[in-house]
Amino acid sequence: MSLIFTPSNQVKLTNVSTVRLKKGGKRFEIACYKNKVMEWRSNVETDLDNVLQTRTVFVNVSKGQLASKDDLQAAFKTPDSDKIILEILKKGELQVGEKERHQALDNMSKDIATTVADKCINPDTKRPYTVTMIEKAMADLHYSIHPNRNAKQQALDVIKLLQEKKTIPIARAQMRLRIGTPGKDGKRTKEKFGTMIQSVEDEDWGEEYELICLVDPGHFRALTEIVQNETKGRGQIEVLSIRDTEDEEAFA
């Protein structure tokens, strides 16, 4: 953080992203590190010290003008600066330049499409959609990206709209797979799966390793590649069934 010495009621910062909230007829701002606000709102970043340049509330970040205690108390009904900062961070509008705004919206759109592709299938073919196909469907919907909401929340909205408008046949689902490898390749192959396995139903270690599991559809291609690469083509992956799900915890 770079500070420029100014009068006692001013603090100037550089390389800053500003979050602004209007409340009680007044404007309040906080100074954050670039790119960290959206990470915090998406629960990627949880440490406020990595988000905030300073635990200070301003009336104007760019001019370094601090908010008075009286104005903060009148607007937020609390003297607790951390509570005030959290409310601004949660509800405020992120101030960005036009180029940054377009880039942020593009990134958010990609994240939403990726989440939808990971969680959904075409119920007619029982196969996952690619991210590109979901992006095209979102464009056909003329879906407006909301920069202050996280990608997972908006992915739920997109799925509901695609179903209502019948833009493409789509359903939230999990794949039930049987994965088989030579026994000596089983441990190494499973380690490569990492967190892609949603839950394990059955597992058999022997001359042949067999795993029955549930996965999100978007991981099917990556799992297939891992099995083929780690077993040099001797492993198998089979879709046993598709399980419909409306469990919103799957998006947590």
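Student: Arg55 first: how exposed is it?
Tutor: Arg55 is partly exposed, at a relative accessible area of 38%. The classes are buried under 20% relative accessible area, exposed over 50% and partly exposed in between, with a 1.4 Å probe and protein chains only.

Student: What kind of model is this?
Tutor: This is a predicted model, where local features need pLDDT of at least 70 and side-chain atom pairs count only at pLDDT 80 or more, while totals for chains, interfaces and linings use all residues. Residues are numbered from 1 along each chain as its sequence is written, and side-chain values use heavy atoms, with hydrogens and water left out.

Student: Back to Arg55. Which residue does its side chain meet in a salt bridge?
Tutor: Asp82, at 3.1 Å from N to O. A salt bridge here is a side-chain nitrogen of Lys or Arg within 4 Å of a carboxyl oxygen of Asp or Glu.

Student: Where do Arg55 and Asp82 sit in the chain?
Tutor: Arg55 is in the loop between α1 (36-41) and β5 (58-60), and Asp82 is in helix α3 (residues 81-91). The pair links distant parts of the chain, 27 residues apart. Helices (H or I, at least four residues) and strands (E, at least two) are DSSP runs, numbered from the N terminus.

Student: And is Asp82 buried, exposed or partly exposed?
Tutor: Asp82 is partly exposed, with a relative accessible area of 35%.

Student: How many salt bridges does the structure hold?
Tutor: There are 21 salt bridges. Among them is Glu45 with Lys36, whose closest N and O atoms are 3.3 Å apart.

Student: Buried or exposed, that Glu45?
Tutor: Glu45 counts as buried because its relative accessibility is 12%. Lys36 is at 23%, so Lys36 counts as partly exposed.

Student: What about Arg176? Which partner does it have?
Tutor: Arg176 meets Glu201 in a salt bridge, 2.7 Å from N to O. Arg176 lies in strand β10 (residues 171-182) and Glu201 in strand β11 (residues 197-204), so the pair ties together parts that are 25 residues apart in sequence.

Student: Which residues are joined into one network?
Tutor: Lys184, Asp185, Arg188, Glu230 and Arg234, through salt bridges that share partners.

Student: New topic: how many aromatic pairs are there?
Tutor: The structure has 2 aromatic pairs. One of them is Trp205 with Tyr209, a tilted pair at 4.3 Å centre to centre and 40° between the planes. Rings of Phe, Tyr and Trp (its six-membered ring) pair if their centres lie within 6.5 Å; planes under 30 degrees apart are stacked, over 60 edge-to-face and the rest tilted.

Student: Why does Tyr209 count as buried?
Tutor: Because its relative accessibility is 1%. Trp205, at 47%, counts as partly exposed.
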